[in-house]
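Here is a short walk through one protein model.

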Amino acid sequence: MRFTAADSRFMSRALQLAARGLFTTSPNPRVGCVLVKDDRIVGEGWHERAGTPHAEIHALRAAGEAARGATAYVTLEPCSHHGRTPPCAEALIDAGVSRVVAAMTDPNPLVAGGGISMLTLAGIAAEVGLMEAEARALNPGFVSRMTRRRPWVRLKTASTLDGKTALANGASQWITGEAARADVQRLRARACAILTGSGTVLADDPRMNVRDFDIGRAPLRVVVDSTLRTPASAAILPALVACRDASPATRTALEAAGAEVIEMPGVDGRVDLAALLALLAQRGVNEVHVEAGAALNGALLAAGLVDEWVAYLAPLAVGDDARGLFAHAPLATLAEAARFRLQDLRQIGGDLRLTLLPA
């Protein structure tokens, strides 16, 4: 399979369009489409919000009759099934496009090659694989939910250079600067759910909401609270509260405050985090943004459930009696340590932001 420089140029544009849906398409994937005829863009579009037309439909409407004989560059295989909207593969066929280039196959089992097959059977040249890595990077959560049946878990931490998140007395405002805190809002805005632990709720009473971004939706807020300590007055409510067991009185008080209390299986008196993530996937959650304390951070790390770690480092040193990032059982050797590889490093205001993936 050979793609030309022009193919790459137009797919790059489709990826730029797809990124415009970064905050709004949940639970759907972010998709862009460009229609090209005689080496000229005649229509383009992107999926803006679940339940609204897909990227291909926007591009076809923009192109009109110029779509006949055009090449469609799509960042995800056109769908072949009836969901909230009709199949896009069918729309491309009806419009008379002559060629379709998709960056990647749709991991959704309802599609999974069906769109390409539909196009091919209609006599349309259909190719897959151009800039696939870039397309996957736009939709890690959707791919994870479809292939692993759990969301992509992005862990955010903010610490000093010596790895501390708060002083021994709990004081932590503010370790990082204003620019870093604003950057965190962008991570929250792209997530489908924001996860924290009851310890953070009790210590800081956070809202865990999205500020500074008008995304037209509110990410689901989730509290891991094995012993159900979250007060009915907590600022994070309404939220989903996952516990091991709940007394009727406590459950009633929390539900009256807007909480959805779910009893989850677990071991050692703790919520089974893998089971919780599976439940969130069933509810259409693609990306989970975690802002928690050392206990939940450590539990996620130990369970192998951290897919991405975004670490903000402030140029401070506060000493070894301050609070750390992860609480877990002591390691006997360095070979037991969780290892990550650096994907991105940049300065945000006066702080550093490291984006890491499991090694």
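A pocket, as the word is used here, is an open set of grid points where a 1.4 Å probe fits, with protein on both sides within 12 Å along at least five of seven lines. Bear in mind that this is a predicted model.

Start with the second largest pocket. Its volume is about 610 Å³. The lining counts 24 residues. Closest to the centre are A137, R154, R190, E308 and Q343.

Where does the second largest pocket lie? Domain 1 (5-139) and domain 2 (149-358) both give residues to the lining, so the pocket lies between them.

Now look at the elements around this space. Those that give two or more residues to the lining include three helices, α5 (132-138), α6 (140-148) and α7 (178-190). Strands β6 (152-160), β13 (308-314), β15 (340-348) and β16 (351-358) do likewise. Which element gives the most? It is α6, with five residues. By residue type, the lining divides into 10 nonpolar, four polar and 10 charged.

Next comes the sheet. Strands of a sheet pair through backbone hydrogen bonds, either parallel or antiparallel. Here, an open sheet of five strands runs in the order β2-β1-β3-β4-β5, and the pairing is mixed. The edges belong to β2 (40-46) and β5 (125-128). Each has a single partner strand, so one side of each is left without a neighbour in the sheet. From one strand to the next, the twist averages 15 degrees.

Look inside that order at one pair. Strand β1 (residues 32-37) meets strand β3 (residues 71-74) in the antiparallel sense, over four bridges. L35 stands opposite A72 in β3.

Key
Residues are numbered from 1 along each chain as its sequence is written. This is a predicted model: local features need pLDDT of at least 70, side-chain atom pairs count only at pLDDT 80 or more; totals for chains, interfaces and linings use all residues. Side-chain values use heavy atoms; hydrogens and water are left out. On a 1 Å grid over the protein atoms alone, a cavity is a set of points where a 1.4 Å probe fits but cannot get out, and a pocket is an open set with protein on both sides within 12 Å along at least five of seven lines; lining residues have an atom within 4 Å of a point. Grid points are joined across faces, edges and corners, and a volume is the space filled by probe spheres set on the points. Ala, Val, Leu, Ile, Met, Phe, Trp, Tyr, Cys and Pro count as nonpolar, Asp, Glu, Lys and Arg as charged, and the others, Gly among them, as polar. Domain bounds come from an automatic or database domain assignment. Two strands pair if DSSP finds at least two bridges between them. Axes are lines fitted to C-alpha atoms, for helices over the stretch in contact, and angles run from 0 to 180 degrees between N-to-C directions.
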